[in-house]
Every structure is written in C-alpha cells, then in structure tokens.
Amino acid sequence: MKKNSDVSKYIRTFTFTLIAILIAIGVVQLFLFLHIRHGAFVVSHKITLKKEVKTEVIEQLIDEEKNDPQNYIINLNLAEIYKQNKNYAEAEKEYLKAIKKTNGRNTEIIMKLAVLYIEQEQYDKAVALIEGASALSQKRSIKLKNDFYKIYADKLFEAKKYREAIDAYYKTIYYRSKVQKKPNISDILNNMMDTYIALSREAIDDKNFDAALNYINNALVYKQTPELYYKLAILYMNKDLKKSVEYFEKTRLLNPSLINFKLYEKALFELQEQEFKQGNEDQSAIYTVKLRTLQKYVQTTFTYPEEFQIVYDSAKVEVSPFARKKTLDLEFHVQNVTTYPINNLYMNIEIMDNNKTIFESRYTVSTLKNQLAPMTASPIYKIRVNIPRGKKHDVVCKVYLTKNTKIPLTLMSTQEIDIEKLISK
C-alpha cells in the first residue's frame, strides 16, 4: 500500500513539474512574440544570450519575418544578434532591410549601420550612407550628420588617421552650429588640438620640423597651453631664437616645472651673442640682463641633483627584547657642493618598508637668514623609526629637496638599508 502511495506521489510531482515547464515555455514564447510584434524587443543595448539561445531566437525571428514581412523591428533585432555573433555581413544585410522597410527615414537605424561600417573601418561606406540619406528632411539630416561626424572623427583619431580626423572635426563644428543656437564646441576644439599635437609628433619623428611647427601653431588656435608654448620654444631653437625665448618666457609664467632651464639659458646666451655680432649692442645687453636674471631665478627656485650630496653618517638597529619591534636610528646631513649659497632649502624624508611608507617628515634646511654656505654641510638630522618585527624587510630611505614649496620636490637620494646586516652588528 505504501509502495503504491509513493508511486502516486511521484507521478503527481512529475506531472506538476511538466505542466510548470510547459507554461513557462509558453509564457516566454508569448513574451517574445509580443515584443517582436510591437517593437519592444528592439535592442538599444546589447542582447546577452547564450550561443544556443541566439540560434533559436534567430530561427524564430526568421519565421516571424515570413508571417510579418513589413515589420522592420524583426530585421533590426536580427542585425543586433548577428553583430554580437560577429557575423557583420549578415548584420549589414538586416540593417539594410530595416532601412528599406522604413523608406530610409529612421535615423536610428541609419546611424547603427554607419557605426557598424566605422567599426569595420569601412569609412567610405559610412560617409556615403550618411550623405546619401536623401529621404530625410533637411532638419533631420543635419542632426544625423552632427551626431555622425563626431563619432566618425573620434574613430579616425583612434585609428591614427589624423588628417582625415581634422576634416571630420571641422564638419562636426559646422553641423553643430546648425543644430544649436549657441553651440558648445569646447570638446571638439580639445580634440582638434590633440589631433594637431599627434600630427606634430609624427612630423618630429620624420625630422620634418617645419611641419611640426605648423601643426603646433594650428593647435594653439584651438587652445593655448603651457605645454604647447614649450613645444614651440624647443622647435624654434634652431630656427628663430627670438621666438624660442618668447615661448620659453610664456611657459615659465604659466608652468615653470615643464622647462629644461639649461635649454632656456642656452637660447638666451645664443640670442645675446647673435645680437652682438649683428651690431645690436643695446639689444644684446638686454638679453645679457635677462640671462643673469634667469640664472638667479633658477638658482633660487629649482633644485638639481648635482647641487647637493646626501651623506649618511650612521645607521643602527635596536631589537627590543620585550616588544615585538625593531628600532632604526638613522643619521645623515646635506652637503652643498656648489660655489654659491642656498637661501631657501626644504627637505622631505620618506622611509619605506616593503613599498609601504612607515615614516615621513619635512624639514627646513636653510633660510634667507640662515643660508647653507657654499661647500658646507647642514646640521646632522637624526631619525628614529619603529619597524615591525618578525618579517623580511626591504627598507629604503628617500630624500627629496626643493628650494620652493610651490615647485615639485626633487628626488636626491635613494638609500637601501640592510636591516638584517645592521642587527648582526
């Protein structure tokens, strides 16, 4: 009796499960049918379906198209799935079918196909499609071109087709001015500047410095930056010393940290000599004063490794018998190895263990009232740092110096400290 009851229970469970599966399949098919029929299944983002499901959906969509041959939504969905499958030829066919069924008046579909062409680097077909969309009204055509040419230009830039990208950006500006009363083109101008800079790099690589100058000057039209000024300063050094010095000065006023001041001094020195040889003694004297002023500015503002020596006087490690820690005692000083006094000097100490900072502090080495004299040493700096015990150590001490707190610190010394060797002493 109990056996029959178990069999009956099993049959009922199986039956209910089978019914539930059939209902679920029916609901999914109805949902798919309604979405296809009414266009809600159109993919504005990627359909994420498994390969076997995609195949089944493709077959269902093809069957549905036979029953509803004028429904362009079906072709649009097929195109999206083919595109995901990287079957771009079939995707193109379905997009073209959808465009034909909408009499070439659906800008969304036209744009999707144009983007497909761009992604396949079929640029001529993409442009021909957009320019040939004659069924659109003038207003909708201009809006489509405004959207397309920005995407097209960016893709050309990514593909390093810089000259073609410039033309496409110009067209973007034109169509955006037609779409917007007060067009915001700052993004396009930035992109054009980047494109001209990329062209200048190519020209420099080819040693075509005249072309590089032309491209940088074009970039300046769209945005004036200290980086562009500095590029011009360098490029003009062998062509026009006056312009070179002019752009060095513009760069110094905006972002002096970009400049290699040895090149700046060289340009000023050569310009001073050039003016003197040409008989322009007054002008030569002006550049002489500028050169001395610059040298004083550099001497009091920028820090160079050859000006200083970091001397490590001692290093010891104490191991606490009670606490699980080691203590590092470090002593060092800064040596001025120049022939001139250093008025203001600031030092930053960073000690790291296994690439993790365990100590950091800033010190004032010298001031205007308390200068670091030529060829003399600073006071000895003593640092005491606790280092966790019971692990391998990779301790490094980094010393940074700067003469101006507004100028980035210059790394002067990187000293590795062998903790285990110091303990053994």
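**Helix packing and strand pairing in the predicted model**

In this predicted model, helix α6 (residues 123-131) packs with helix α7 (residues 138-158) at an angle of about 170°, and their axes lie 11 Å apart. Since angles over 145 degrees count as roughly antiparallel, α6 is therefore roughly antiparallel to α7. On the α6 side, the contact involves Tyr123, Ala126, Val127, Ile130 and Glu131; these meet Leu144, Lys145, Phe148, Tyr149, Tyr152, Lys155 and Leu156 in α7. Classified by residue type, this contact of α6 with α7 comprises nine nonpolar and three charged residues, with no polar ones.

Helix α7 contains 21 residues, which at 1.5 Å a residue should span 30 Å; the C-alpha atoms at its ends are 30 Å apart, in agreement with that expectation. Its buried residues are Ser141, Ile142, Leu144, Lys145, Asn146, Phe148, Tyr149, Lys150, Tyr152, Ala153 and Leu156. The partners against which the buried residues of α7 pack are α5 (107-119), α6, α8 (162-179) and α9 (186-205). Just after α7, Lys160 adopts a positive phi of about 60°.

Most residues other than glycine have a negative phi. Glu121, which is not a glycine, has a positive phi of about 60° and lies in the loop between α5 and α6. With a relative accessible area of 55%, Glu121 is exposed. Lys207, in the loop between α9 and α10 (209-222), likewise has a positive phi, near 60°. Its relative accessible area is 65%, so Lys207 is exposed.

Helix α14 (residues 281-301) also has 21 residues, and the distance from its first C-alpha to its last is 30 Å, close to the 30 Å expected at 1.5 Å a residue. Within α14, the residues Ser284, Tyr287, Thr288, Leu291, Leu294, Val298 and Thr301 are buried. The buried residues of α14 pack against α12 (241-254) and α13 (261-277).

Turning to the strands, four of them form an open sheet in the order β4-β3-β6-β7, with antiparallel pairing. Strands β4 (356-366) and β7 (410-417) stand at the edges; each has a single partner strand, so one side of each lacks a neighbour in the sheet. From one strand to the next, the twist averages 15°. Within this sheet, strand β3 (residues 345-353) runs antiparallel to strand β6 (residues 395-402), and eight bridges join the two. Ile349 stands opposite Val399 in β6.

Strand β6 also contains Tyr400. The relative accessibility of Tyr400 is 18%, and because buried means under 20%, Tyr400 counts as buried. Although Tyr400 and Asn348 are 52 residues apart in sequence, their C-alpha atoms are 5.0 Å apart in space. Apart from its neighbours within four places in sequence, Tyr400 is in contact with Tyr346, Met347, Asn348, Glu350, Leu409, Thr410, Leu411 and Met412.

Another antiparallel pairing joins strand β2 (residues 325-336) and β5 over eight bridges. In this pairing, Lys326 has Ile387 of β5 as its bridge partner.

Technical notes. Residues numbered from 1 in each chain as written. Predicted model: local features only at pLDDT ≥ 70, side-chain atom pairs only at ≥ 80, totals over all residues. Heavy atoms only, no water. Pairing = 2+ DSSP bridges. Helix = DSSP H or I, 4+ residues; strand = E, 2+ residues; numbered from the N terminus. Axes fitted to C-alpha atoms, helices over the stretch in contact; angles between N-to-C directions. Parallel < 35°, antiparallel > 145°, perpendicular 65-115°, else oblique. Contact = heavy atoms within 4.5 Å. Nonpolar A, V, L, I, M, F, W, Y, C, P; charged D, E, K, R; others polar. Expected span 1.5 Å × (residues − 1). Buried < 20%, exposed > 50% of the residue type's maximum accessible area, 1.4 Å probe, protein only.
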